[in-house]
Amino acid sequence: MKITVTVNGTDYSQVVEPRLLLIHFLRDELRLTGSHWGCDTSNCGACVVWLDETPVKSCTVLAVMADGRQITTVEGLARGGALDPVQEAFATCHGLQCGFCTPGMIMTARWLLDHNPDPSPAEVREAISGQVCRCTGYENIVKSVLWAAKHDGDDGDDADE
Amino acid sequence: MNDAYGPVPRKEDARFIRGQGTFVDDIALPGMLHGAILRSPLAHARIVSVDATAARAHPMVVAVLTGEDLAKRGMAWMPTLFGDVQAVLATDKVRFQGQEIAFVVATDRYAARDALELISVDYEPLPPLIDALTALDPGAPVVREDLPDGNHIFDWSAGDKEATDAAFAAADVVVECDMIYPRSHPAPLETCGAIADYDAVSGKLTMWSTSQAPHAHRTLYAAITGLPEHKIRIVSPDLGGGFGAKVPVYPGYLCAIAASMETGRPVKWVEDRSESLMSTTFARDYHMHGEIAATAAGEIIALRARVLADHGAFNAVAQPSKFPAGFFHIFTGSYQIRAAHCEVTGVFTNKAPGGVAYSCSFRITEAVYLVERLTDMLARELGMDPAELRMRNLLRPEQFPYTTPAGWQYDSGDYPRALRLALDMAGYDELRREQAERRARGEYMGIGLSFFTEGVGAGPRSQMDILGLGMADGADLRVHPSGKAVLAISVQTQGQGHETTFAQLVAHELGLSPDDVEVVHGDTDRTPFGLGTYGSRSTPVSGAAAVVAARRVRERARLVAAAMFEVAPDDLEWLDGKWRVRGDPDQAYGLDEIAKAAHSTLELPGGIEGHLDASAVYNPPNLTFPFGAYICVTDVDPGTGEVTVRRFVAVDDCGVRINPMIVEGQIHRGLADGIGIALMQSIVFDDTGNCLGGSFMDYLLPTAIECPSPELGQTVTPSPHHPVGAKGIGESATVGSPAAVVNSVVDALTPFGVVHADMPLTPGNVWRAIQGRPVRTDLAIG
Amino acid sequence: MQVPAQVEYEKATSVEQALSLLARYAPGARILAGGHSLIPMMKLRLAQPDVLVDINAIPGLRYIETAGAELRIGALARHADLLGASLAGEHFTILHDAERVIADPVVRNWGTIGGSLCQADPSEDLSAAFAALKGSMIVHGPDGSREVSARAFHTGPYQTVVGPAEMLTEIRLPIRPGGGSAYMKVARRIGDWPIGAAGAAVWLAGNGDRIDDVGIGLTAVGATHFVAAEAEDFLRGQPADEQTLARAGAIAAEHCRPASDLRGPADYKRHLVQELTTRVLRVAVQRARGLAS
């Protein structure tokens with residue numbers, strides 16, 4: 001079946017099997033390997049991307065369900081080479097170690113701050129409670145998101161196109 | 001010159017925050033095929049036949065390999081890391097649910113998965129051996145009829161039995177307990193996988209694989225495939241966590257190699273999560289009987305332990321060969337003890353092979369759990385505060401280096417200071433007051449302590465080897481004409497930040513910025529030989545090698561600088577990152593100038609041929625011994641059995657800290673491990689051998705909700721034998737934390753008469769413990 | 001990762017079209033809404049439909065609104081919609097209590113209320129909540145629509161009254177003044193399926209001293225239609241005091257049929273029913289009295 005999906009602002013038209021999972025479409029067909037997969041049962045959240053501006057677990061969505069819709073992945077966050085404050089935050093606050101859960105965490109964090117610009121630590125933990133990290137114990141991920149909240153809109157990132 | 005040690009931001013972050021890491025599954029090669037493994041649904045069965053005809057006829061299937069096909073290549077069996085054998089694809093029998101039966105190679109991942117259903121296998125079921133406690137019973141199903149001793153693998157003991165028995169006989173108080181350290185799994189977020197690319201023309205095999213020990217894997221592959229070692233290249237790209245799961249060689253890797261040889265194309269195999277949980281190396285699974293003997297006044301005098309170790313169907317433990325039970329005999333812990341003795345018996349069962357993984361420090365997790373639980377139980381028996389009991393018995397700084405009754409030589413430590421700091425940070429007395437108040441109101445909080453000593457950084461090579469490969473690691477340091485350096489190391493990061501910390505180590509020795517040092521790792525074609533990253537050995541071993549190499553470079557630089565100044569080498573001193581003329585420190589050269597000179601037309605001194613480069617192989621003289629004091633505060637709802645971890649205080653001493661930010665990150669993780677292991681993680685089997693806990697729906701991992709914000713403290717007691725005094729930190733918190741959590745919960749439940757409850761302390765298990773009918777947590781509830 | 005078997009795909013843009021596709025491909029057709037119950041089953045190949053009928057493009061099925069004395073929830077409302085709807089929370093705190101502990105925030109973004117109900121997992125939380133609230137479901141079929149009580153909607157594990165060529169379109173909850181409700185769940189970890197859970201809705205009479213009407217729903221413990229009927233019958237007309245509520249909890253525990261599994265042993269689950277039923281009744285009563293939020 002032919003689908004047309006807009007990913008990070010670019011349209012892609014492709015024939016896919018109905019059973020093709022969105023995460024595989026992104027990684028294997030479009031070669032956007034920034035989003036990852038880590039489980040079989042929709043538990044780990046390594047695959048979180050935005051579908052029509054909403055974080056979803058892309059391992060639990062079929063590519064055909066994204067036909068006519070917009071996807072944003074971690075590769076689409078930086079604008080003109082400038083990192084999103086959330087990305088900067090993770091690097092500043094040691095919010096990642098192996099980096100495998102990081103894209104999913106970043107996408108959820110970005111969405112959280114877009115909807116709740118000043119979250120409490122508990123709200124941050126709640127927002128990422130469906131996503132597993134095996135390296136950080138979450139502490140620095142939470143710190144990263146709180147840092148991003150404080151620095152969102154710094155450095156000309158608010159000068160949006 | 002600023003000191004290069006410190007919370008330097010990580011160089012590796014730049015690619016990961018952009019989603020530009022390169023993990024094995026990110027790699028696609030031209031013409032690449034995809035492999036999928038057919039696995040046994042049964043735990044124990046004879047294989048009558050395997051018919052892959054229909055699978056081979058699938059239009060997108062290029063090849064199907066069975067055990068028979070591999071046997072023709074001599075690859076149906078492979079050595080394990082402990083000198084046993086393991087089936088790559090089963091030929092005669094299957095011995096655990098999930099064991100590899102056949103390998104399908106197709107043009108895409110989905111077709112490979114479909115084709116698995118087209119392979120028909122005729123099994124003759126056999127009764128499975130699941131309960132390790134029955135493994136040595138007469139009439140128990142025999143897992144390994146290929147070995148002479150039935151289900152018995154080894155007996156091993158350490159310590160002085162006579163002295164220990166005598167001490168127990170003379171003791172005022174003896175407390176004993178059966179406790180399980182349940183089977184768990186390291187579960188790195190990225191599963192294992194490889195792309196094998198065999199080029200028949202050049203005879204070279206290139207493997208991209210999830211390997212924590214690329215050189216050891218290369219040596220093994222050479223032995224298994226018959227390919228000469230110089231024709232094998234292992235590239236370990238970015239790894240999404242390891243925690244010991246990526247140390248062994250797995251059948252899937254060998255299937256990919258065989259398939260690439262067979263098809264002439266690159267073959268990718270990546271396991272899914274259920275395969276990972278069901279078949280790759282599990283961790284722990286120790287059934288322990290522990291006894292602690294003391295005087296009435298609270299002096300611990302002896303410890304005794306008898307352990308049954310469930311190794312699964314093949315003995316595949318990844319640990320030094322002279323130690324079948326790893327370093328379990330460190331079980332005397334951090335205390336002054338007169339005598340100790342332990343016996344460990346290993347058995348086979350119809351479960352996946354493994355046992356040494358998940359930050360266990362070669363079974364130190366099990367040992368520390370045992371001694372710290374026993375210590376708390378002793379405190380209870382004596383009516384003594386558990387902090388006070390520990391403080392009474394902790395080794396004193398003047399006793400170091402200290403040789404334990406089981407033969408370990410602890411290098412350095414000030415234990416009472418660490419414990420005192422933890423107690424202060426926790427506000428221990430106030431917590432006990434709060435506990436008493438809450439109890440009066442019918443609320444139950446617990447305060448659990450854990451004090452641990454662990455031994456890491458294996459080596460020395462004469463005592464520590466894996467399959468005869470001595471555990472030493474190398475470092476090659478090259479200095480370019482502009483003074484920039486490239487450090488090639490044999491260990492392999494899986495998130496620990498080697499690209500940064502190793503750069504800091506070298507930068508510190510050479511007066512450089514860490515940005516001037518590029519760290520190369522993971523590619524056997526570009527790095528020196530070494531045994532890899534596990535057992536927290538990167539800093540103690542490879543880090544030491546890097547420092548030794550850097551110091552050799554620095555000494556060569558001295559010789560060149562002396563030539564540049566036209567003075568004798570001894571007229572120079574290294575100060576603030578430069579070689580300076582003694583008494584005239586403004587006369588100085590930094591590494592960049594010296595490197596340029598070494599590559600120039602300068603008349604070079606003897607011993608310098610034209611560069612500053614140096615190598616080192618570090619053979620550690622001993623392990624290093626990080627230690628810590630942890631305090632966990634929990635609240636337990638006795639009506640539901642739910643446990644909430646309220647606080648986690650952790651004081652760690654890992655010697656000199658190269659990058660405190662990275663050190664703390666490692667500790668954060670280990671504390672989360674403790675919460676997960678103590679409260680929710682376990683892999684259990686039902687009586688027919690079905691592996692329950694083969695997905696993240698049932699093998700539960702802690703989230704941000706269960707892990708409180710940790711409170712960290714530190715003491716620094718440098719290792720006397722490590723070149724920079726560092727000890728290693730990677731596994732410490734996983735070693736120390738589970739006992740703190742369990743001690744806390746049991747402490748909360750004291751009013752209900754609970755003396756011990758096995759992990760995982762799920763709500764149901766807690767409630768049953770309160771009822772006085774605890775659950776045996778390694779078996780499924782019938 | 002595990003991947004689904006081959007399947008055909010159709011997209012419906014109206015209820016009529018969806019029903020006609022379901023009928024054409026019955027019995028091998030399944031509705032695809034959020035997919036967060038179905039796709040995991042397909043990946044494990046526990047479900048292997050021949051045809052998926054994607055209903056996400058059908059307009060007018062995703063809403064949470066009041067109509068007269070009813071709260072009406074469109075079947076395509078996502079869990080996040082329900083959790084975020086103050087309208088729902090104002091009338092029925094139980095719904096927010098339950099949604100807060102269903103799966104995780106990202107899954108809630110896409111999974112639908114209708115999908116969860118029709119998956120009919122015995123551990124699914126909203127079933128008990130809707131049963132406690134004595135709601136009803138609107139099922140559309142080839143012969144029109146019918147209303148089914150929430151207490152008769154589920155006919156067994158993974159089975160509902162929705163036929164192979166039918167579709168759930170709406171859930172209706174009667175709004176009655178003066179009520180209070182609550183839901184409590186115990187799981188091995190956040191986001192996990194419940195080991196046991198209980199939801200209660202109470203309406204009080206006589207200055208808040210007596211229970212006029214009550215609904216009690218139980219999850220994951222083998223309660224028929226997710227309802228603790230005997231405990232409800234006992235409570236009606238009784239004083240709303242601690243002793244009576246505890247007794248109701250005991251009765252609910254007596255009449256459920258939990259099974260031992262990885263989540264917990266049966267005796268513990270039975271105890272949980274007693275404990276949680278008592279607790280949710282207590283909170284529901286307090287909320288009905290306006291004493292708690």
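**Questions on a predicted three-chain model**

Colleague: How far apart do the C-alpha centres of domain 1 and domain 3 of chain C lie?

Modeller: In this predicted model, chain C is divided into domain 1 (8–54), domain 2 (64–174) and domain 3 (179–288), with bounds that come from an automatic or database domain assignment. Between the C-alpha centres of domain 1 of chain C and domain 3 of chain C the distance is 35 Å.

Colleague: How should I read the numbering and the confidence limits?

Modeller: Residues are numbered from 1 along each chain as its sequence is written, while chains are lettered from A and ligands numbered from 1 in the order in which they are written. Totals for chains, interfaces and linings use all residues, whereas side-chain atom pairs count only at pLDDT 80 or more and local features need pLDDT of at least 70.

Colleague: Is helix α2 of chain A largely enclosed or exposed?

Modeller: A residue is buried if 20 or more other C-beta atoms lie within 10 Å of its own, exposed if 12 or fewer, and partly exposed in between, with C-beta atoms placed from the backbone. The buried residues of α2(A), among them A:Val86 and A:Phe90, pack against α3 (102–115) and α5 (139–151) of chain A together with α1 (13–16) of chain B. Seven of the eight residues of helix α2 (residues 85–92) of chain A are buried, so this helix is largely enclosed by the rest of the structure.

Colleague: How many helices and strands does chain A have?

Modeller: Helices (H or I, at least four residues) and strands (E, at least two) are DSSP runs, numbered from the N terminus. The elements of chain A run β-β-α-β-β-β-α-α-α-α from that end, which gives five helices and five strands.

Colleague: Which residue of β28(B) is the bridge partner of B:Leu572?

Modeller: Two strands pair if DSSP finds at least two bridges between them, and β27(B) pairs with strand β28 (residues 578–581) of chain B in the antiparallel sense over four bridges. In β28(B), the bridge partner of B:Leu572 is B:Val581.

Technical notes
Contact = placed C-beta atoms within 7 Å.
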